[in-house]
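Hi there,

Here is the structure I promised to pass on.

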Amino acid sequence: MTTRLFGEPVQRREDRRLITGQGLFLDDLGRDALAAAFVRSPHAHARVRDIDVSAALDVDGLVAIYTWEDLPERVRDPLPLLIPHPALTHGRTAYPLARDVVRHVGEPVVMVVARDRYLAEDAAALIEVDYEILKPVVGIEEAALGSHLVHDDVPGNVGAHLVQEVPSRAGLGAGRAIDAAPHTLAFRLDIERSASTPLEGRGVYARWDADDRSLRVYSSTQTSTSVRMAIAAKLGLPLPSVEVVAPDVGGGFGVKIVHPWPEEVLVPWAAMLLGREVKWAEDRREHFISSAHERGQVQHVRVGFDDEGHVLGLDVTILHDHGAYTPYGIIVPIITATQLLGPYRIGAYRVEFSSIYTNTVQVTPYRGAGRPQAVFCMERTMDRIAAHLGLDRAQVRAANFIQPDEFPYDQGMVFQDGRPLIYDSGDYPESLRMLKEMIGWDGFPAMKAEAAARGRRLGIGLGCYVEGTGVGPYEGGHVQVTSDGRVHVSTGLTSQGQGHETVFAQIAATELGVPLEKVSVVTGDTRRFGYAVGTFASRAAVMSGNAIALACRKVREKALRIAADALEADPRDLEIEDGLVRVVGNPEASVPLATVAVLSNPLRYAFDEEAARATQFSGATPMDRPPVPEGEEPGLEGRDYYSPVRSTFASGMHAAIVETDPDTAEIRILRYAVVHDCGRLINPMIVEGQIHGGVAQGVGGALYERMVYDGHGQLLNASFMDFLMPYATEVPAIETAHLETPSPLNPLGIKGAGEAGVIPVSAVIASAIEDAEGLPIDRMPISPAELYELRRAAGR
Amino acid sequence: MGEALHEIALTVNGVVREVRVPGRRLLSDCLRHDLGLTGTHVGCEHGVCGCCTVLLDGEPVRSCLTFAVTAGGHEITTVEGLAGPEGELSPVQRAFSECHALQCGFCTPGFLCTVTALLRENPAPTGEQVVEGISGNLCRCTGYQNIVKAVHRAAELAAEADATPARTGEHA
């Protein structure tokens with residue numbers, strides 16, 4: 001028997017420091033560092049004619065002012081296009097400071113460094129930039145007309161255009177399959193912009209060590225290893241001379257996977273140049289206008305189906321607004337296009353998207369990353385089919401489900417990781433059964449009628465999704481047992497509140513048979529682990545979890561080998577329990593893992609009593625072989641990597657009951673139910689927390705949050721006063737149930753859970769409001785004012 | 001020419017601290033950068049998110065909307081001052097950890113201060129009073145469900161702690 005911690009709701013190990021004020025977030029570091037501030041464009045589209053800094057030069061405490069002209073080669077170059085794709089024929093990225101044209105409000109133009117942030121902002125306020133205003137391009141459809149251009153050399157404002165087609169089994173294309181279907185429908189759907197909006201913004205703090213000629217950078221990032229490589233390349237430093245650490249990070253949700261941000265290049269560069277520590281912490285307005293948004297799409301749908309609601313053909317054309325630049329490529333619309341089919345087997349599918357430039361903040365993944373739009377499209381389609389045929393909405397979905405015996409199921413497309421879109425496992429009919437039972441689906445019509453009799457208006461809705469999680473290419477883990485019996489685990493990807501220190505410790509403790517208290521975990525610190533991809537796409541548990549498990553298995557095997565020698569036993573007869581290696585069935589014959597660690601490292605010098613056991617006159621090693629046997633290394637440690645052949649597909653289904661006020665059109669969520677399948681659960685408490693948070697963001701996106709741009713490209717609600725993030729008063733109680741269909745693709749059988757909660761919420765709420773109102777809901781988010789207008793337009 | 005500095009003395013977590021600050025220095029910045037108490041966080045700088053909430057003479061205030069000079073002569077409690085003298089966690093701190101009421105932990109200090117004051121005012125709040133009581137603090141990670149649970153749990157823990165010495169008293 002081994003210590004079973006995998007699967008237990010273990011309390012989080014990161015909590016103690018966070019509840020006592022001892023967490024260290026970016027701006028908690030570098031108390032004596034100089035502060036950077038930025039002059040940012042107030043215009044959505046303009047040419048920079050002149051920059052006059054003279055008035056700022058007298059500001060007390062000013063250290064430096066930089067414009068694009070001041071930047072050296074490489075630092076001044078456009079930021080990298082991180083994920084090239086053949087369809088992204090016109091990818092464009094920004095300069096770290098505007099070179100001549102600014103393309104969205106908030107684009108950085110001048111960098112100021114001063115003794116503190118107050119003084120840096122004083123100086124920034126005195127810098128005068130002379131702009132020639134250019135015609136702003138705002139709104140997806142306006143931009144797609146191409147009458148004015150965001151980039152002179154991008155005709156039609158089209159950055160990318162991609163078509164994927166999956167013919168029916170009979171070889172029919174979607175167009176012909178739809179034309180030949182007994183029923184067809186065509187409609188348009190809209191989703192507006194929202195954003196990750198972590199409560200801690202971005203931030204960078206750099207220390208240049210002039211004696212050592214090395215640079216240490218702290219960044220509030222989702223990928224410290226890649227930031228490190230980018231900084232080394234930009235600053236022309238040898239990679240080993242640059243270290244990047246993600247300290248405690250106050251939420252990410254996607255926005256912090258983008259890198260290097262202008263500030264991640266400029267702050268370290270200034271620190272090197274000035275020989276001083278420099279820090280920049282983003283403020284809330286900066287976060288709204290200069291980080292990244294997501295979600296905005298217009299979708300045109302054509303669908304053909306039979307009398308039972310089986311989808312025979314589906315054709316979706318998507319206009320995707322990617323803002324002013326494409327540093328993260330076209331990952332978001334690719335995910336929308338490829339995850340749209342959800343848990344369904346569709347006759348023939350054709351999807352086409354155009355990714356369009358506008359003079360707005362760039363669009364990069366926000367939790368869900370294109371899936372909320374995809375699910376909105378597919379689930380609205382299912383509801384329309386049900387309405388057209390007069391069938392139950394759940395029944396139409398069930399009619400189209402991929403069945404449990406059909407896995408692995410090939411959807412016939414290329415996924416966001418460049419690999420085939422093949423679902424590994426799932427049980428969609430069981431999910432739906434559980435969901436219907438939880439929410440009381442079959443009893444709802446009676447409940448609705450009863451409420452209606454008392455003048456109340458209720459509606460029920462549901463939504464299903466499949467989420468590709470744990471995308472490659474790889475993650476690694478390093479595990480070291482030291483002579484005090486402690487287990488030190490490290491992995492390169494970063495943490496933003498997911499509880500990795502706890503779940504990775506659970507995995508290591510289970511694999512090695514040691515108490516949880518003996519295990520410590522470090523993430524996102526390139527000094528500890530240099531190879532990693534990052535935290536995004538619900539991949540951390542799958543990727544690093546499995547890598548750490550594999551590394552632990554190496555360590556375990558080595559520990560058993562060494563212990564077998566010490567105990568004169570066969571390694572196959574040994575087990576590790578509570579940090580003790582012992583012979584099965586003979587508890588007297590045992591050796592602590594701490595001692596095994598000592599024995600693993602033959603010594604000349606005894607630095608303490610324990611170490612004396614491994615010194616050269618201790619007789620610990622036989623005389624007939626070298627102290628470190630051939631093929632072995634000193635130390636009880638192991639490193640391994642997990643690189644999956646393709647992604648693993650989690651799934652889930654949500655349902656909600658809403659009430660709409662007949663007079664005020666206020667929308668209230670009365671109940672919210674979630675059935676979730678992420679394979680084997682490592683820590684159910686943490687998975688549940690992830691779902692709660694995701695649903696809350698989904699509720700924000702469905703009912704409250706949007707980015708309101710005016711025709712000039714000004715973001716009118718760039719503050720928490722006007723961007724309505726839900727408080728406790730807006731988020732309903734969330735009921736959850738778990739289904740576990742293990743993934744056959746990885747040793748632990750797990751799937752990702754981070755993004756799931758947010759994915760179907762807009763679809764579910766739209767479905768429920770439509771049911772309550774009897775009016776088609778085809779754009780989200782929806783406010784009471786908009787619902788009121790819909791009623792008026794329908795003459796109610 | 002530098003800015004005029006004001007000398008102020010404020011009692012933070014029971015310790016008198018003297019500091020010279022410009023008139024425009026925010027209390028949040030003074031606590032974080034002048035006094036090194038970085039547990040108080042700043043999430044919006046316009047008084048909406050509640051991350052910077054501290055207790056001023058026991059009452060929750062937004063330290064990002066308070067000038068440090070106006071806090072002179074007052075008692076301030078920050079998240080660093082919530083645990084007992086031996087580092088024993090307060091009922092609110094214990095409950096937040098027990099109920100998984102935090103994820104990234106950035107908003108947590110503001111919630112802890114808010115809830116500490118809430119339960120002092122109302123040791124046994126109803127569900128509605130709890131939601132209302134924390135409705136001035138934003139959290140982007142948890143969806144609030146476990147925070148609500150934690151407030152109720154903290155009320156329970158505090159009641160148990162109050163009850164224990166009383167029982168001892170009866171026996172004596």
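Below is what turned up, starting with a sheet and ending with a pair of helices.

This is a predicted model, where local features need pLDDT of at least 70, side-chain atom pairs count only at pLDDT 80 or more, and totals for chains, interfaces and linings use all residues. Residues are numbered from 1 along each chain as its sequence is written, while chains are lettered from A and ligands numbered from 1 in the order in which they are written.

Chain A has an open sheet of seven strands with mixed pairing, in the order E3-E5-E1-E12-E9-E10-E11. (Strands, E, at least two residues, and helices, H or I, at least four, are DSSP runs numbered from the N terminus; two strands pair if DSSP finds at least two bridges between them.) E3 (62-66) and E11 (242-245) of chain A are the edges: each has a single partner strand, so one side of each lacks a neighbour in the sheet. Within the sheet, E9 (203-209) and E12 (278-281) of chain A run antiparallel and are joined by four bridges, and A:Tyr205 sits opposite A:Lys279 in E12(A).

Now the helices. The axes of H9 (371-389) and H10 (393-400) of chain A come within 8 Å and cross at roughly 115 degrees (axes are lines fitted to C-alpha atoms, for helices over the stretch in contact, and angles run from 0 to 180 degrees between N-to-C directions). That makes H9(A) roughly perpendicular to H10(A) (65 to 115 degrees; under 35 is roughly parallel, over 145 roughly antiparallel, the rest oblique).

Enjoy exploring!
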